[in-house]
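Thanks for coming, everyone. I have one structure to walk through today. Please take a look at it first.

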Amino acid sequence: MYPHADYVTVNISSPNTKNLRELQSDAALDALLAALQAHRLELAATHGRSVPLFVKIAPDLDDAQIALIAKTLKKNRIDGVVATNTTIARDAVRGLAHAEETGGLSGRPVFAASNRVIGQLRAALGKRYPIIGVGGVMSGTDARAKIAAGADLVQIYTGFIYKGPALVAEAARAIAVGR
Ligand SMILES: Cc1cc2nc3c(=O)[nH]c(=O)nc-3n(C[C@H](O)[C@H](O)[C@H](O)COP(=O)(O)O)c2cc1C
């Protein structure tokens, strides 16, 4: 996809692929990112342009794990981070029908967890490191909260299903007002 993409995200945080999230651990992540960076340099030489590489992480990480990921991203000169994927936690839906089914939760139940990760990443990575915030943006106010948490850009998945394209304009307006 290199010649066609504006940027590429490496997703190591889906709960639906067995053992995938183990790639977020220290040694495995370092090895993966080093290999990707080396391959990207070859592709950049072949195609005459450097396509930014992002890594997408889970919301179900503790502070130490997030700090380690931040360090490994910087060490391997990865261009940015996408935070976050769906959550395997059930706190936000405890007691509801189907709450205990397997798989990742998106939308409202991942909003706060995702914002926490974004905030931690911003603190660990400094002001200028690109962070794409995603998780539970269902309104313009939510989009603004993602920026306030530390994101530079906002992605929407589940909110788009419920609200459609109008949510994009709503989010853009809310972010502009907040500037
Ligand atoms: C049905 C479904 C499929 C998804 N597939 C992917 C995927 O293939 N790759 C990926 O990185 N994230 C995937 N995600 C995660 C979303 O891109 C997003 O990070 C997450 O749902 C949180 O954002 P949201 O609350 O706006 O949906 C998927 C989410 C859902 C609900």
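First, the ground rules. This is a predicted model, so local features need pLDDT of at least 70, side-chain atom pairs count only at pLDDT 80 or more, and totals for chains, interfaces and linings use all residues. Residues are numbered from 1 along each chain as its sequence is written, and side-chain values use heavy atoms, with hydrogens and water left out.

Now the ligand. How many residues surround the ligand? There are 13, counting a residue if one of its heavy atoms lies within 4 Å. The closest include Lys-56, Thr-84 and Gly-136. By type, the shell has nine polar residues, three nonpolar and one charged. Here Asp, Glu, Lys and Arg count as charged, Ala, Val, Leu, Ile, Met, Phe, Trp, Tyr, Cys and Pro as nonpolar, and the others, Gly among them, as polar.

Next, distances to ligand oxygen atoms. A backbone N or O atom of Gly-136 comes to 2.7 Å from one. For Lys-56, a polar side-chain atom lies at 2.9 Å. Asn-11 also has a polar side-chain atom there, at 3.2 Å. The protein buries 68% of the 610 Å² that the ligand exposes when taken alone (Shrake-Rupley areas, 1.4 Å probe).

On to charges. The whole structure holds seven salt bridges, meaning a side-chain nitrogen of Lys or Arg within 4 Å of a carboxyl oxygen of Asp or Glu. One of them pairs Lys-75 with Asp-30, at 2.7 Å from N to O. Why point to this pair? Lys-75 is in helix H2, residues 63-75, and Asp-30 is in helix H1, residues 26-47, so the bridge ties together parts 45 residues apart in sequence. Helices are DSSP runs of at least four residues, strands of at least two, numbered from the N terminus.

Last, the backbone. Most residues other than glycine have a negative phi, and most peptide bonds are trans. Arg-77 has a positive phi, near 50 degrees. Arg-77 sits in the loop between H2 and E3. Ala-83 and Thr-84 are joined by a cis peptide bond, with omega about 10 degrees. Thr-84 belongs to the loop between strand E3 (80-83) and helix H3 (108-125). Thr-84 is also among the closest residues to the ligand.

Key
Polar contact = N/O pair within 3.5 Å; in protein donor to acceptor, adjacent residues only side chain to side chain.
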